[in-house]
Amino acid sequence: MPPAAPPTDKRPSPDALLRQAKLEERGRLKIFLGAAPGVGKTYAMLTEGAALAREGADVVVAVVETHGRAETEALLDGMEVIPRREIDYRGHRLGEMDLDAVLRRRPALALVDEYAHSNVEGGRHPKRWQDIDELLAAGIDVYTTLNIQHVESLNDVVASFTRVRVRETVPDSVFEGAEIKIVDLPPDELIERLKDGKVYVPQEASRALGHFFSKPNLSALREMALRRAALSVDRQMLHDLDATGLAGTYAAGERILVAISEQPGADALVRTAKRLADGLNAPWTVVHIETPRSETFGDEARRRIAASLALAATLGATIATVPSENVIAGLRGQIEALRATQLVIGRSQRSWWFELRHGSVVEALIREASGLAVHVIPSPEAATARHGREGWARGWGRPGHYAAALLLIAATTGAAKLSERWIGTGAVDLLYLVPVIIAATLYGLRPALFASIVAALAFNFFFLEPRHTFTIADPQSVLTMLLLTGVAAVTSNLAGRLRTRARIGVRSAQENASLAAFAQILARASDRETTAAVTCDEVSRLLGVRSVLLADRDGLLRPLVARPADAAMSPVDQAAAEWAWTSGEPAGRGTSTLVASDWQFHPLKTGLGVLAVLGVASEDGGDPVSPGPAALLSTLVGQAALAHERLHLEDEMRSLSVLEERDRLRAALLSSIGHDLRTPLTGVTAAIEALAGEHPDAAALPVARAEVSRLRRFLDNLVELVRLDAGGVRLDLTPVDLTDVVAAVVHDLKDPLRGHHIDFQVPAGLPLVRVDERLLHHILLNLLANAIQHGGNDGPIGIIGRRTPDAVTLTIRDRGPGLELGTERSIFDTFAQGKGGDRHGGSGLGLAIAKGFADALNVGIAAANHPEGGGAFTLTFPNELIAAATDSS
């Protein structure tokens, strides 16, 4: 039997309709998404664009990068191409997309390659995706291309395994409303295309791209691209469903809902759901349904709920507390709203009496589940049974409530006695409804039920014949008695439910309004002190506590703002705050750590780490936060943490802008010096050689030649440093004999090496290594020149080659004073100087250049002091760079 069609009585979401209306006013964006360069994104985009043009569509090519590929360039034949805008940049003419020309042309469809491209300075927007956004806002459809590593939220993940952080990124928001088309290619085929020269011409095989083209990297990137595309499609589907009002889960992608209760074991439920969400790579939401029964929960139950929600938030879940008449109705609403495909719920061992009164939530959901997978996790039986007994005892309410109900019945009885002669006995039973309703409104259901029974007995005793006995002589009076009891019970039940529901609704509305106002105030704060003051003010106002916010000041955790301003902290309080700061876990009173503190400290923890610590304390010295508002405090802490993260990122962006500007100026200066000094250096060299022809025995001639050679190496280092920083280093990987390369370097440095003994220990039988010979030559040139300057005038220099099981190593050792302790790593920093040579009094560029080129070649480089004295610089060529190992694999 085919499944029934989903119901269509769900109202369209106003937000979804508004979103759809906004998208209708814009052009359509289609992103050709690939895992890595070379999968064919540009080719696929041009193929679709050309097909539409042949069908009569108004298509233009705004900008396309063919990278010299003939088959891609062939697709441009017959298509209208908008000429690029030429921009002068550092003495070069560079072409960028002419945005204004495309807007004036106003085609139906524009093909714009490389979505994440950074524009040359001087354009209207710094990024091409911003240019595309302007085209879309003008109503022009756009096709564009993007690699998965350029997505902002995935940038650090990609860098973690490719060891390359891509600087050009697009925000995740660009996928909103975009159509995604995956351009896929298996890793083996992509690697073959690279080897055949179909991805990049040999001159463009740069260091960053070289890291990408390994099978594990390509497989990981491919999976990320497929998952990101699936996520975008799933979100778009949910938006469309919300706009049309169709009901149902539409399980194209998994969406997990976790329902927690006050029962013990909720934390285990959250962890189980986290593992399930990670396995399915699905978004998950943890919800607690707040019902009228929640009013009967004790502090321990409320504390468990708050702790479970806080745990879920730290594990990356979306958390919510939803008021509802009952658990089943609340979960139904959440399942429908989230279109959940998986439900994780705990099953406690309830008594038969409890299930008779409240029903079984699990059984009801399983019976009604349609397209929903229900995961039932058992709760600890012993704890559940004990909690059930405690909850039952606690649910009867306070004795004072019952006493008050008795007084109300007594007052009503007295009033009925006085008015009986005017209203008659038949109307007295209606008077007894008044104390029952009052008891239900003020004290809840069970005191009201007690009041209804007492009211029925009082009516029988004082007003039914025979009076002052509980005997009922008239059968009609029996019916009146039963009706009074039933009406009173039903009335008290309804009044109690309405009272509880109203109280829950009012509290929920107040909390939501407070949180919304808090978020708006934090959004307007522009510095840490203002943010800290807002946080402390709102926490103190909403929770009725003292508050303090501590942050790092000169390496020490110090208070920024306190409310009241004179709030004091003891050494124990300071220790608890520092423990929360270092561990990222709450500490102090009411936690499991340093409970002797009067304050309870919560770390403001984000993906950047702990940015500050919020402390709260009670005015009376008790627990700072009762279990009820603990969830509210958790939400306030989360919002404050996000506000501090925003400020931290803004500071980093400002610092980054300063650094980028400094690096740009430095690169411009170095490039200018490196190029402008070449001409006078050439003239000086010619003059020295002319003098050598006239005075070949001049004593200053060798010194002049050596210094000119040293100056030339310095200028070469400047030029190569600029190229390295700009990513302009090009690799030509070929098998190289280390013996030949070392011999060539020694020959180039024959004049500076005069007087030095070369201890050459590079065996002729070392295997070939696959590197760029020019860059390796430059590395060895700088290392050997550094050893000459560092080893003294006549110090011997050792060049030792070794074959190890995992690599081939090449060590250049001098007999000088060695490196300063602790500088083994920093010695390779740009302009770093130590003792001797580039380590003291030199340019500080040689070793930085050697390190940069070694990284480009994926060759390890390390500096250390030799046990027998002097410094030693070792190059390590791993097995994957050894030609023999590579050829045999």
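Student: Which residue in β3 does valine 61 stand opposite?

Tutor: Valine 61 stands opposite valine 81. Before going on, note that this is a predicted model, in which local features need pLDDT of at least 70 and side-chain atom pairs count only at pLDDT 80 or more, while totals for chains, interfaces and linings use all residues. Residues are numbered from 1 along each chain as its sequence is written, and side-chain values use heavy atoms, with hydrogens and water left out.

Student: How do β2 and β3 pair, and over how many bridges?

Tutor: Strands of a sheet pair through backbone hydrogen bonds, either parallel or antiparallel. Two strands pair here if DSSP finds at least two bridges between them. Helices (H or I, at least four residues) and strands (E, at least two) are DSSP runs, numbered from the N terminus. β2 and β3 pair in the parallel sense over 2 bridges.

Student: What is the order of the strands in the open sheet of 6 strands?

Tutor: The order is β3-β2-β6-β7-β1-β8, with parallel pairing. β3 (80–81) and β8 (179–183) are the edge strands, and each has a single partner strand, so one side of each lacks a neighbour in the sheet. Further in, β2 (59–63) pairs with β6 in the parallel sense over 4 bridges, and valine 63 is opposite valine 112 in β6. β6 also pairs with β7 (141–147), again in the parallel sense and over 4 bridges; there, leucine 111 has tyrosine 143 as its bridge partner.

Student: Which residues of β6 point one way, and which the other?

Tutor: In a regular strand the side chains alternate between the two faces of the sheet. In β6 (109–112), Leu109 and Leu111 point one way, Ala110 and Val112 the other way, and all are buried. Buried means under 20% relative accessible area, exposed means over 50%, and partly exposed lies in between (1.4 Å probe, protein chains only).

Student: Which strands does helix α2 lie across?

Tutor: Helix α2 (41–54) lies across β1 (29–34), β2, β6, β7 and β8, and runs at about 165 degrees to β7. Helix α5 (128–137) also packs on the sheet, touching β1, β2, β6 and β7, with its direction at about 160 degrees to that of β7. Contact means heavy atoms within 4.5 Å. Axes are lines fitted to C-alpha atoms, for helices over the stretch in contact, and angles run from 0 to 180 degrees between N-to-C directions.

Student: How many strands form the open sheet with antiparallel pairing?

Tutor: That sheet has 5 strands, in the order β15-β14-β18-β17-β16. Its edges are β15 (556–563) and β16 (587–588); each has a single partner strand, so one side of each is left without a neighbour in the sheet. β14 (546–553) and β15 run antiparallel and are joined by 7 bridges, and leucine 550 has proline 559 of β15 as its bridge partner.

Student: Which residues does the cis peptide bond join?

Tutor: The cis bond joins arginine 563 and proline 564, with omega about 0 degrees. Proline 564 lies in the loop between β15 and α22.

Student: At what angle do α26 and α27 cross?

Tutor: Two packed helices are described by the angle between their axes and the distance between the axes. The axes of α26 (738–748) and α27 (773–790) cross at roughly 50 degrees and come within 9 Å. The two helices are therefore oblique to each other: angles under 35 degrees count as roughly parallel, over 145 as roughly antiparallel, 65 to 115 as roughly perpendicular, and the rest as oblique. α26 passes α27 in a right-handed crossing. A crossing is right-handed if the near helix is turned clockwise from the far one by less than a right angle, and left-handed if anticlockwise.

Student: Which residues of α26 meet α27?

Tutor: Leu738, Val741, Val742, Ala744, Val745, Val746 and Asp748 in α26 meet residues of α27 including Leu776, Leu780 and Leu784. The contact has 10 nonpolar, 1 polar and 2 charged residues. Ala, Val, Leu, Ile, Met, Phe, Trp, Tyr, Cys and Pro count as nonpolar, Asp, Glu, Lys and Arg as charged, and the others, Gly among them, as polar.

Student: Is arginine 813 buried or exposed?

Tutor: Arginine 813 has 8% relative accessibility and so counts as buried. It lies in β23 (807–813). Among the residues arginine 813 touches, not counting those up to four places away in sequence, are Pro796, His866 and Glu868.
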